[in-house]
Amino acid sequence: MAASNYSLKVNRDLLDPNFESYRLSLDAIPTYNVELDAAVEEVKLKDTQYTLEHMRAFGMYNYLHLDPWYEDSVLFVDCKGRVLSLTVTLDTALGKPREVYRLMSDSGQSEDRLCASLSLTSATWAALSDGAGQLYLLRTGKRGDSSHMKWEPLFSEDMGEPFTILHSASHVQDKVHTMEVLLLRIQKDPQETKGSGYSVSLEWITVANAAGHGQEKKYEVKKRRVLRGKSVPHYAAVEPQGKGLMVASEKPFVFTHVDGRPVELPDPEPMEVEKTEPIYFWQQTAEDITVCVRMPEGVTKEEVQFRLTADNIRIGVQGFPPLLEGQLYASIDPEASAWIIKNDKSLEVTLQKRSEGPMWSELVMGDRRGEYVMSDEQAALIHERLTYLTSEDLNGNPDKDKPPCNSQELEDCDGFPEDSFSLTHFDAESLKPTQVVNLGSHQYLFTVDVNPSEMPCLCLRHDVDALVWQPRPDQPSNMWEHIATFNALGYVQASKRDKKFATCAPNFSYASLCECLRRAFIYRQPSPVETVLFNRKQGRQIGQVAKQQVASLDSDKPILGFRATNERLYILTSSNLFVLKVNNN
């Protein structure tokens, strides 16, 4: 696995340290029901598909697809192979879903068939899989309520083993229309002898218009790239111009084949080849931080350039580039902090933490030029806590009354996400990772399309909050931008043991979770209150309240699809499509 060389930069202006909790609102949510002519066929996992990865990839598949180019337009595939579209303009006058395309009647009858999958590539194109290995690229024309044209297949090819479509993108380069499609497979792996016997495969297919000037459009596969890994990715998407790929997964992926030929990658090299002396050393306690920065010998205090705010630090020498500059890991108190010159060759800085207790994992976000020095007391404390791991006693558990844990009794789903859980950007030309973020402590929550012209956003848990990140592949120095926060949602969703899907509105006005059966939970952003409210414990007036609402569906069938728009929440079961009016914009 490539070493982590990038850190996610949190926008502190989007955090609310004073957020208290969600208040349950009993306001009714208008719910409308569309009965389907034919059932949405949930493809059940077979006995051979027994692994946790099969469940993540196919057992938890979202059968409902939101059209990001046309507001309040959703699509799904029923058991007859019909691609059905429903566009909502007036909730009280919901029509029937309209057929836009039908898969071949003999399509998808193979024994290893998966669920049909759909990806809306652009405002006028879509990618469709029949679940049996056939890939269709369809010219849809302008979709939406006013459009009644049928979709036209301009590309159809058997891609081998069954797959689901994770993502697709469309772009024009040198007057050639090109589509990028990302496929997911779980395949038997003879080399996987210790684990489940399966490996996860991502295939990145490039299809382009091969017709000459004045000829009928003909689309052909131009390139096929295969990546392999050991876990189903939580997030995988191709850049809008097809210049790269982003993957978030618990175990790393590597490119193995291009157009059927094995990829010969050199032995992985460390990100930083040169071994350089640290520019600074730092220590910490629960209350403060001590930083020692190496300076040119003989420097005077008049030549030192020092600037410190609650969240940023800058240290330098007049006439030279800054020695240390950037955003601090957490806030400090500038008034209680100080610096002195020691031995005419180093600068010692004392920073007072604003919040006592939490230990910092780094001094300056993303800066790897320093070295953390642990105090003797901290080392002794850690040694004491970890002594039982090297104990000769079979029951190393300090609680002697409880039996020792037998690792052989654990299932895959019992394991905690490994430190290798990462978000990686791959370059399309070199096939190598360029940016790697270690996500070991940040649980993945959901993916959402905010702007259809950009890559999908991913939502990660940071402490108790849920933070939404927008990929910016054209900005290598800020490749993932923090654009929204759902207060305490990371903590709230962890308590929902039956949670199946999670999503949010594209304008971030609310987030929503649903269980496997019947219930959906809506968490709204804080909004001003109309009446005067006081916090009794703190004796202060409350200006904003974040509401929580619960919707219960009139159905006893499992929820198969779950999508949100700015105004509505769409919930799909095998026989009904429910429309919940969440906002009145």
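Author: Gladly! Please keep in mind that this is a predicted model.

Reader: Which strands pair over 11 bridges, and in which sense?

Author: The general idea comes first. Strands of a sheet pair through backbone hydrogen bonds, and the pairing can be parallel or antiparallel. Here, strand S12 (residues 176–188) is paired with strand S13 (residues 198–209) in the antiparallel sense, over 11 bridges.

Reader: What is the strand order of the open sheet?

Author: The open sheet has six strands in the order S11-S12-S13-S14-S17-S18, and the pairing is antiparallel. At its edges are strand S11 (164–173) and strand S18 (261–262), each of which pairs on one side only.

Reader: Which strands of this sheet does helix H1 touch?

Author: Helix H1 (residues 52–59) packs on the sheet and touches S11, S12 and S13. The direction of H1 makes about 145 degrees with that of S12.

Reader: Now to backbone angles. Where does Asp72 lie, and what is its phi?

Author: Look in the loop between strand S3 (65–66) and strand S4 (73–77) for Asp72. Its phi is near 55 degrees, a positive value in a residue other than glycine.

Reader: And what is the phi of Asp463?

Author: Asp463 is not a glycine, yet it has a positive phi of about 60 degrees. You will find Asp463 in the loop between strand S30 (457–462) and strand S31 (465–471).

Reader: Which residues make the nonpolar surface patch of about 330 Å²?

Author: That patch is made by Leu24, Leu26 and Val550. Take Leu26, which lies in the loop between strand S1 (22–24) and strand S2 (31–35). Its relative accessibility is 77%, so Leu26 counts as exposed.

Reader: How many residues of strand S29 are buried?

Author: Four of the five residues in strand S29 (residues 444–448) are buried, so to read it, think of a strand that is mostly covered. S29 and S30 run antiparallel and are joined by four bridges. To locate the pairing on your screen, find Thr447, whose bridge partner in S30 is Leu458.

Notes. Residues are numbered from 1 along each chain as its sequence is written. This is a predicted model: local features need pLDDT of at least 70, side-chain atom pairs count only at pLDDT 80 or more; totals for chains, interfaces and linings use all residues. Side-chain values use heavy atoms; hydrogens and water are left out. Two strands pair if DSSP finds at least two bridges between them. Helices (H or I, at least four residues) and strands (E, at least two) are DSSP runs, numbered from the N terminus. Contact means heavy atoms within 4.5 Å. Axes are lines fitted to C-alpha atoms, for helices over the stretch in contact, and angles run from 0 to 180 degrees between N-to-C directions. Patches are made of residues with over 30% relative accessible area and no salt bridge: like charges are joined within 9 Å, nonpolar side chains (Val, Leu, Ile, Met, Phe, Trp, Tyr) within 5 Å. Accessible areas come from the Shrake-Rupley method with a 1.4 Å probe; for residues, only the protein chains shown count as cover. A salt bridge is a side-chain nitrogen of Lys or Arg within 4 Å of a carboxyl oxygen of Asp or Glu. Buried means under 20% relative accessible area, exposed over 50%, partly exposed in between (1.4 Å probe, protein chains only).
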